[in-house]
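Visitor: I'd like to learn how to read pockets and helices in a model like this. Could you walk me through it?

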Amino acid sequence: MSKRIPCTIMRGGTSKGVIFWERDLPEDGNARDKVILSIFGSPDPRQIDGLGGADPLTSKCAIISTDSPEGDFAYTIGNVSITKPFVDYSSNCGNLSSAVAAFAVDEGLVTPEEPITLVRMFNTNTKKLILAEVPVKDGKFQPEGDYSISGVPGSGSRILLDFKNTAGSKTGRILPTGKPREVIDIGDGEMIEVSVLDVATPMVFLRGGDLNLKGTETAEEINSNSDLLGKIEKIRSVVAEMIGIVKDRSEATLKSPATPKIAFLTKKSGGIQSWMMSMQRLHKAYAVTGAICTSVAAKVRDTIVDEIFRGLAVDSPVVKISHPSGVIDVEIEVDGEGEGLKVKKAALIRTARRIMDGYVYV
């Protein structure tokens with residue numbers, strides 16, 4: 001007999017996910033993951049028998065708990081694999097975090113205040129506190145507004161997310177290797193230069209030119225190039241081992257497909273073009289946590305991102321990143337250098353919308 005589980009489907013930024021209360025899922029981790037995989041219809045490339053949208057950006061969940069060491073509540077993001085029976089909890093999703101903040105207002109997890117309610121939410125993936133400013137009207141989240149973001153049709157109200165507390169999200173250090181650049185061996189004697197940073201999420205950065213990319217390639221071109229995807233994953237896996245995400249690089253794809261994230265950049269007129277991978281596929285827009293990390297990297301001397309940004313008004317508090325769906329703006333303020341570097345502000349704006357409330361059958 002099927003079991004029904006309460007859930008809410010929401011869009012947050014350029015992601016869409018299913019939101020659950022922790023109390024409605026099994027306590028045992030393995031049993032919980034089996035239920036979530038069944039709900040999403042994974043593993044299956046089409047996720048035809050579940051709620052997943054056959055894309056990494058729509059195969060996510062958020063699990064809400066009122067038991068939190070900090071903030072108003074806690075939430076856990078699960079990146080649900082489409083092709084493997086695996087839910088990756090290694091990283092937060094900044095886009096879906098905007099939906100979680102709006103959900104919290106509607107569900108009474110915070111006391112609503114008009115016109116803006118400050119939501120303090122503890123992310124268990126990174127064990128960091130994230131602040132959100134949520135528009136409120138008549139005691140509920142107000143989704144209507146005139147703010148638009150690349151990759152999402154229409155417009156909505158402005159939800160400000162501040163990730164200033166998320167430096168060293170997984171490794172405890174902004175520069176996990178202690179240096180702004182590293183030259184790594186990815187096998188068969190092939191060496192490649194990367195920068196590794198950890199703010200909001202650990203990330204690997206490299207030049208698009210080192211992958212023979214010009215900056216004009218489409219998402220379809222990159223996702224259909226199996227040799228290129230294999231090389232990118234090899235680089236990501238080597239760094240995953242280097243910074244202690246996995247014990248051995250051979251385990252990275254299976255055990256930590258979402259962390260670290262990896263991006264490759266080229267200069268373009270008036271800014272930079274950056275592609276970012278999500279669960280071994282090209283992100284069709286840009287992850288919020290990735291945008292935060294990329295923007296901080298642009299302000300850290302001698303990183304590859306700093307090199308690419310030079311001469312592009314990097315002294316401005318707003319860092320503009322071009323991605324496959326448009327542009328994302330991040331407000332960044334850092335102080336100090338090297339191990340003394342501090343992130344004083346890391347904020348951007350998202351929109352969100354509640355799509356459905358109901359029950360899903362398992």
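Visitor: What volume does the second largest pocket have?

Guide: About 280 Å³. A pocket here is an open set of points on a 1 Å grid over the protein atoms alone, where a 1.4 Å probe fits, with protein on both sides within 12 Å along at least five of seven lines; lining residues have an atom within 4 Å of a point. The volume is the space filled by probe spheres set on the points. Mind that this is a predicted model: local features need pLDDT of at least 70, side-chain atom pairs count only at pLDDT 80 or more, and totals for linings use all residues. Residues are numbered from 1 along each chain, and side-chain values use heavy atoms, without hydrogens and water.

Visitor: Which residues lie nearest the centre of the second largest pocket?

Guide: Arg 11, Gly 13, Gly 151, Val 152 and Pro 153, out of 20 lining residues. Strands E2 (15-21) and E19 (352-361) each supply at least two.

Visitor: And how much space lies in the largest pocket?

Guide: About 410 Å³. Its lining has 23 residues, with Pro 56, Ile 82, Thr 83, Met 279 and Arg 281 nearest the centre. Helix H3 gives the most, 3 residues.

Visitor: Is helix H2 enclosed or open to the outside?

Guide: Largely enclosed, because 13 of its 13 residues are buried (under 20% relative accessible area, 1.4 Å probe, protein chains only).

Key: Helix = DSSP H or I, 4+ residues; strand = E, 2+ residues; numbered from the N terminus. Buried < 20%, exposed > 50% of the residue type's maximum accessible area, 1.4 Å probe, protein only.
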